[in-house]
Amino acid sequence: MPVALITGITGQDGAYLARLLLGKGYRVVGLLRRSASSDVIGERLRWLGVLDQVELVDGDLIDLASLIRVLQKVRPDEIYNLAAQSFVATSWHQPLLTSEVTGLGAARMLEAIRITESAARFYQASSSEMYGLIQEPSQSEKTPFYPRSPYAVAKLYAHWMTVNYRESFGLHASSGILFNHESPLRGIEFVTRKITDGVARIKLGLARDLSLGNLDAKRDWGHARDYVHAMWLMLQQDKPDDYVIATGRTTSIREFCRIAFSYAGLNYEDHVVSRSDLLRPAEVDVLLGDASKARGALGWQPETSLEEMVAEMIEADLVRHGAARRG
Ligand code: NDP
Ligand code: GDP
């Protein structure tokens, strides 16, 4: 039975990836950092019905010794490094923590692999945020990077360390440059989930307005369920490599609002307010991914449309708030 170690298993992608790998017959082990809120940490895994099928081991990307111990104990065949301080806005408030976890955390895991002489294949969760101030209208693996936040700078460091360890030490290390991907399990601080949560609250009469920042930014949004499949495909290749994963469609926040509110029979213009205090110090105005390489080499393509994903997210938020109201 192949063994997979997932860092960030309690996050959105970790939960979907755990479910995918369990379905493929893997033993799935997740790295779990210490939290005082241990009753809620498995919420996403529970939502997908797999909490009792994964093994959780103590460890933290800040603590190299814990990573070495985990690798010695678990002896994984595949390591998916998904853990990060993953929220761009927070990275301006906590730039050093973001560098420690999102940047150096990946280097620590690569070092742990080297030190333990593990033959595990390694996946690094890189990000389209690395393109930042875009240098080409459509971004591929060949597009130069221009990070625009401490988060993106940290991700870029982790990306190049992955490439460097592959080239220096022959590690089977791949980097997935994933464009934004969402789901009902997306953190509530991200704009898509903030919007679908807001739509559900307004629909149920629990709120009247929704405050957002920049409505004109554009993102290439896919579904996390489709994107974790691409991660797995990368580690099944004979040779490690880097791949852009994206839908090839870009949509503004304003248009996302229109789609989401109209799904619930509402007009976004009656409810959405744009507030200047929610603008960012530096913005990534537009992202649009070119996933031709992944399509050709991995046979990967997105399965879920933006409209289908929005509907799924709103339905889940209606259930959550409906249940909360009854409770
Ligand atoms: P989440 O924010 O949902 O999950 C982050 C995970 O990292 C959580 O499990 C969190 O644990 C864990 N974590 C944070 N700090 C540490 C630490 N010091 N040690 C160990 N674990 C830690 O992210 P997503 O699932 O959305 O994303 C997965 C990865 O992909 C991230 O690296 C993200 O930056 C990257 N990415 C995401 C994209 C997206 O659109 N979703 C796009 C491109 C890249 P806890 O539950 O305890 O907080
Ligand atoms: P990011 O691409 O990883 O930063 O994902 P987010 O979902 O956090 O943000 C996507 C875009 O939405 C960015 O350009 C934000 O400036 C914009 N945005 C507009 N209003 C909001 C808001 O209220 N919250 C968040 N998170 N983003 C917002």
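Helices and strands here are DSSP runs, a helix having at least four residues and a strand at least two, and they are numbered from the N terminus. In those terms, isoleucine 134 sits in the loop between strand 5 and helix 6. The model is predicted.

**Isoleucine 134**

Is isoleucine 134 buried, partly exposed or exposed? A residue counts as buried under 20% relative accessible area and as exposed over 50%, with partly exposed in between. Isoleucine 134 has a relative accessible area of 26%, so the residue is partly exposed.

**The site of ligand 1**

There are 24 residues around ligand 1, of which Thr10, Arg33, Asp60, Ser86 and Tyr151 come nearest.

| Residue | Protein atom | Atom of ligand 1 | Distance |
|---|---|---|---|
| Serine 86 | side-chain N or O | oxygen | 2.6 Å |
| Histidine 181 | backbone N or O | oxygen | 2.8 Å |
| Arginine 186 | side-chain N or O | nitrogen | 3.0 Å |

On its own, ligand 1 has 900 Å² of accessible area, and the protein covers 88% of this. Two or more residues of the shell come from each of helix 1 (12–23), strand 5 (121–127) and helix 6 (150–169). Strand 5 gives the most, with three residues. Strand 5 and helix 6 are also the elements on either side of the loop that holds isoleucine 134. By class, the shell around ligand 1 has 10 nonpolar, nine polar and five charged residues.

**Cavity and pocket**

Rolling a probe the size of a water molecule over the atoms shows where empty space is left. How many cavities of 30 Å³ or more does a search of the whole structure find? The search finds one. The largest cavity holds about 40 Å³ of space. Its lining includes Val88, Trp92, Glu129, Arg148, Arg219, Arg280 and Glu283. The lining of this cavity divides into four nonpolar residues, one polar and five charged.

The second largest pocket has about 180 Å³ of space. Four nonpolar, three polar and three charged residues make up the pocket lining.

Key. Residues numbered from 1 in each chain as written. Chains lettered and ligands numbered in written order. Predicted model: local features only at pLDDT ≥ 70, side-chain atom pairs only at ≥ 80, totals over all residues. Heavy atoms only, no water. Near = heavy atom within 4 Å. Polar contact = N/O pair within 3.5 Å; in protein donor to acceptor, adjacent residues only side chain to side chain. Areas by Shrake-Rupley, 256 points an atom, 1.4 Å probe, with all protein chains shown as cover. Nonpolar A, V, L, I, M, F, W, Y, C, P; charged D, E, K, R; others polar. 1 Å grid on protein atoms, 1.4 Å probe; cavity = no way out; pocket = protein on both sides within 12 Å on 5 of 7 lines; lining within 4 Å. Points joined across faces, edges and corners; volume = space filled by probe spheres on them. Buried < 20%, exposed > 50% of the residue type's maximum accessible area, 1.4 Å probe, protein only.
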